[in-house]
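Keep the structure open beside the text and find each residue as it is named.

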Amino acid sequence: MNGKEGSFGIKISSNNDVEGKLPETRNKFKVWMYKIWEFAKEDTNRVTFSLKVGLAVLLVSLLILLQAPYQVFSTSIIWSILTVAIMFEYTVGATFHKGFNRVLGSLFAGVLAIAVAELALMSGPVAEPIIIGISIFIIGSVTSFMKLWPTFVPYEYGFRVILFTYCLIIVSGYRTGNPIRTSIERLYSIAIGAIIAIAVNTLIFPIWAGEQLHKELVKSFNSVADSLEECVNKYLSNDGSDHSEVTNTLMDEFPDEPQYKKCRSTLNSSAKLESLALSAKWEPPHGRFRHLFYPWSEYVKVGAALRYCAYEVMALHGVLHSEIQAPYNLRSIFKTEISEATHKAAELMRCLGKDIYDMKQTIKSTLVRSVHSSSERLQRAIETHAYLLASSYQIPDHNSSIPLPINGLSKSNQLAEFKKEKEEEGEMNSQRILSVSWESTAALSLATFTSLLIEFVARLDHLVEAVHHLSQMAKFQHESL
């Protein structure tokens with residue numbers, strides 16, 4: 001729980017949090033061990049994954065260490081160790097995905113190597129190494145080009161497997177004189193390693209990509225909502241006395257805004273969500289995601305709509321930390337309307353996140369109307385007090401009549417005195433105009449802030465629609481709100 005009514009959350013710490021809790025000691029070993037302990041405590045799945053990899057490598061190594069299985073498989077079983085080390089990924093889905101690429105690439109490379117080796121063998125001892133060399137060049141060029149093709153990017157690892165498996169099989173087969181046997185030994189060794197890797201990762205404390213994606217998206221909802229409230233509350237309560245330094249603003253370092261970095265990380269979560277969604281598609285039904293063809297791609301679409309809202313929050317942060325600020329008393333006039341719109345918008349976001357977390361489809365029409373009503377009240381308040389957001393001034397008339405004679409001064413001295421007075425008056429007018437212009441710009445910064453907040457509320461409609469579509473595709477349980 002994050003302390004707000006109706007809120008919930010998944011606590012995921014960052015490296016900065018760990019560094020802020022380091023023990024005060026000069027012993028570098030203790031500091032290093034403390035960092036490792038905190039890193040492991042943040043997410044226990046990291047430890048689980050590491051232990052599972054060690055177990056899988058141990059199991060496949062026993063086929064070599066024990067005499068009985070070694071007599072059956074001989075030295076070719078080393079390929080099983082290589083397969084486990086390469087295939088074993090953090091999540092089950094990623095392991096299935098990589099295993100598919102590994103097995104399919106190895107099978108294709110093995111069949112192709114046998115065909116080319118037999119063709120080269122029939123060509124005679126002189127042409128055989130030439131044909132093998134040309135085939136290696138062609139396979140290397142084609143696979144390297146195809147893995148760059150946008151459609152085949154998810155299968156990039158498979159093309160690499162084809163390349164090195166083909167080269168190893170055909171070259172070793174050329175020296176042993178039996179490419180078929182070499183291919184078969186490689187293939188069953190790879191199959192043994194793949195089976196062990198998938199079995200250990202799936203059956204022993206599995207880490208599901210779908211579950212990770214589910215939690216990551218929910219965490220993003222909370223981060224954006226918390227950052228919105230944090231930004232607006234600071235904007236309304238800041239009287240200008242604690243204005244951030246320029247250095248901090250340029251470096252995005254705001255120690256008193258812990259939610260700011262979480263919101264910023266949401267903007268960079270696109271690649272992570274897409275990767276988890278791709279891995280989740282390879283996972284069998286599990287946990288709360290029991291039906292086939294679960295719409296994992298809809299999570300990516302919801303994440304895109306959420307980032308669309310997060311951009312507005314970051315823009316609000318930009319106004320908060322700008323050099324030109326509206327006077328505190330001017331911000332206080334709209335404090336009620338701004339606070340209400342912010343609270344309602346954050347409440348709706350947390351409600352949407354909770355729906356995804358609980359996998360329930362609630363009817364939020366009343367809450368949505370309340371959010372729009374608060375936004376409309378803010379708009380009306382801006383329209384009613386629009387005169388406060390625009391400063392008007394009159395430029396003094398510089399055209400003056402001929403100066404009156406001044407007793408005791410000649411005509412030339414009178415003109416010089418008159419010119420001096422006009423210069424002083426011009427400087428005063430310039431300063432007055434600059435001051436009024438600065439005040440006008442400062443007032444408009446408040447209009448910018450409120451406009452961004454209204455735009456944030458408008459973008460929530462797209463987010464509500466995306467979550468609704470996800471709930472329908474994923475068959476969330478219906479529930480009235």
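**Charged and aromatic side chains**

Glu89 and Lys98 are joined by a salt bridge between their side chains, with 2.8 Å from N to O. The model is predicted. A search for such bridges brings the count to 14, and a search for aromatic pairs in the whole structure finds eleven.

- Side chains of opposite charge can pair when their charged atoms come close.
- Glu89 is partly exposed, at a relative accessible area of 24%.
- Lys98 is also partly exposed, and its relative accessible area is 21%.

**Salt bridges within helices**

- Lys219 and Glu216 form a salt bridge in which the closest N and O atoms are 3.4 Å apart.
- Both residues belong to helix α10 (residues 209-237), and because they are three residues apart there, about one helical turn separates them.
- Lys219 counts as buried because its relative accessibility of 19% is under the 20% cut-off.
- Glu216 counts as buried too, with a relative accessibility of 9%.
- In helix α14 (residues 296-320), Lys301 and Glu298 are three residues apart, so about one helical turn lies between them.
- The side chains of Lys301 and Glu298 meet in a salt bridge of 3.3 Å, N to O.
- Glu298 is buried, at 5% relative accessibility.
- Glu216, Lys219 and Lys272 form one network, joined by salt bridges that share partners.

**Aromatic pairs**

- A pair of aromatic rings is described by the distance of the centres and the angle of the planes.
- Among the eleven aromatic pairs is the one formed by Phe49 and Phe88, which is tilted, with 6.0 Å from centre to centre and 50° between the planes.
- Which parts of the chain does the pair of Phe49 and Phe88 link? Phe49 is in helix α3 (residues 44-65), while Phe88 is in the loop between α5 (78-87) and α6 (92-122).
- These are distant parts of the chain, as the two residues are 39 residues apart.
- Is Phe88 buried or exposed? Phe88 is buried, because its relative accessible area of 5% falls under the 20% cut-off.
- Phe145 and Trp149 form another tilted pair, with 6.3 Å from centre to centre and 55° between the planes.

**A cluster, and a charge over a ring**

- Four aromatic residues, Phe289, Tyr294, Trp296 and Tyr299, form one cluster.
- Arg459 lies over the face of Tyr308, and its distance from the ring centre is 3.9 Å.

**A buried serine**

- Where is Ser227 placed? Ser227 is in helix α10, the helix that also holds Lys219 and Glu216.
- Ser227 is buried, with a relative accessible area of 0%.
- Which residues are in contact with Ser227, leaving aside its neighbours within four places in sequence? They are Gln259, Tyr260, Cys263, Val313 and His317.

Technical notes: Residues numbered from 1 in each chain as written. Predicted model: local features only at pLDDT ≥ 70, side-chain atom pairs only at ≥ 80, totals over all residues. Heavy atoms only, no water. Phe/Tyr/Trp six-rings, centres within 6.5 Å; stacked < 30°, edge-to-face > 60°. Helix = DSSP H or I, 4+ residues; strand = E, 2+ residues; numbered from the N terminus. Buried < 20%, exposed > 50% of the residue type's maximum accessible area, 1.4 Å probe, protein only. Lys NZ or Arg CZ within 6 Å of the ring centre and 35° of its normal. Salt bridge = Lys/Arg side-chain N within 4 Å of Asp/Glu carboxyl O. Contact = heavy atoms within 4.5 Å.
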